[in-house]
Amino acid sequence: MKSDLPPLSIYLHWPFCAAICPYCDFNVHLMRDMQPQQWRAAYFAELQYAFSQRSQGPVQTVFFGGGTPSLMPADMVADILSEIDRLWGLAPAAEITLEANPVSAPQAHLADLSAAGITRLSLGVQSLDDAALKFLGRTHSAADALAAFRVARQVFSHVSLDLIYARPGQSLAMWRDELARVLAEAPDHVSLYQLTIEPDTPFHRLHAAGRFAVPDEDSAADLYEMTQDMCAAAGLSAYEVSNHARDGHACRHNIASWRGGDYLGIGPGAHGRLSDGQARRATIALKAPQAWLAQVEAQGHGWAEDKILDDEERRTEMLLLGLRLVDGVALSDIAMGGIQLPADKHLALQQAGILLPSDSHLIASPQGRLVLDHLIAELLPS
Ligand SMILES: C[S@@+](CC[C@H](N)C(=O)[O-])C[C@H]1O[C@@H](n2cnc3c(N)ncnc32)[C@H](O)[C@@H]1O
């Protein structure tokens, strides 16, 4: 039934960066010989195909993720948003986020992106320590990042900062000082990620060769706890594992996808989720930019996988995503999703401090949010 469809979001992936960070395992590629006209046409074609698959709008949120979408020409961003508006309609107060690198965020470009329709900027600051930025392979200084943040705040009403902590050799005192300097900027939203060593990255090889070590589990847990406390004291309470916001500044796009909303995945490697009556469909586009482009040009879309999720996949996804949020998952939604929680497990996990006590919701404690895979395995024994 059409009217029962969840609100719609769009994730658009821009796969290019000016430099590839050694820790990153996102779908990223160096920007060489990129033809803007060709890419604009391919995004338009895939949007039109997506519309043929799900036409009911309006679109509530759009997220330009990457890669480094601040490298997109602002007129391409404007054209894509006009096309989305023409096809589905953009809701009047739609949230439209774009991820930015401080190096590709000069004031004039940010002003053009704002004029193009971007309402929220997510800026990759990563650290306020120049030596750490160098280690992370960043091509900007802490001063550059802060300058970009201050300019962005004048341009956009919603600006978020990304930082990576739990870095090699980072003590509690060092992170306390760095985070205090971030919070002194009075941001409305911060995404604070612990450094993860991802397979097939330069950091993985260096780490495996013993060139650096990351904080052990206990130290990482202490860093996490201090992060929660300092952000809460600064009025930026956690609303998800790594995300903190002042009231009214949480990222609506990410919340919608963690809550099981519908989103279309546009661009190389993008994932989508679409509801259709009882079924939930998962789409994944080809990852390699040239392969994606070639398929879009030949077939009108780059989607390589398009399947209906089975019951187990839906249940796992509901818990895995919903438990990331501090509000957790309503027990009524869990029952509707056909999940039967073992009552003794529920209690045992509360007593172990992994779940918080609640009669209406399943809520992971801050410690529980750090071990979500383990928690899901306990809650959904196969
Ligand atoms: C898709 S990236 C976009 C960053 C943007 N291109 C830039 O250059 O700032 C989103 C965020 O994920 C985080 N991230 C990526 N890889 C990570 C890793 N291995 N460990 C922790 N955080 C990571 C970074 O904070 C990054 O800003």
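I began with Thr227, which, once its neighbours within four places in sequence are left aside, is in contact with Tyr165, Leu179 and Leu192 (contact meaning C-beta atoms, placed from the backbone, within 7 Å). I note that this is a predicted model, in which local features need pLDDT of at least 70 and side-chain atom pairs count only at pLDDT 80 or more, while totals for chains, interfaces and linings use all residues. Residues are numbered from 1 along each chain as its sequence is written.

I placed Thr227 in helix H8 (residues 217–233), helices being DSSP runs of H or I with at least four residues, numbered from the N terminus. Thr227 is buried, because 23 other C-beta atoms lie within 10 Å (20 or more count as buried, 12 or fewer as exposed, and in between as partly exposed).

I then looked up the largest nonpolar core, where, of 82 residues, Val62, Leu123 and Ala152 touch the most other members; such a core is a set of buried Ala, Val, Leu, Ile, Met, Phe, Trp, Tyr and Cys residues joined through C-beta atoms within 7 Å. Its largest share, 6 residues, comes from helix H5 (residues 142–155). Apart from this core I found another, of 12 residues, including Met318 and Leu379.

Last, I checked helices H1 (residues 36–53) and H10 (residues 289–299), which pack at about 60 degrees with axes 10 Å apart (axes are lines fitted to C-alpha atoms over the stretch in contact, and angles run from 0 to 180 degrees between N-to-C directions). Gln38, Ala42, Ala45 and Glu46 of H1 meet Leu293, Val296 and Glu297 of H10 in this contact.

Note on methods. Helices (H or I, at least four residues) and strands (E, at least two) are DSSP runs, numbered from the N terminus. Two residues are in contact if their C-beta atoms, placed from the backbone, lie within 7 Å.
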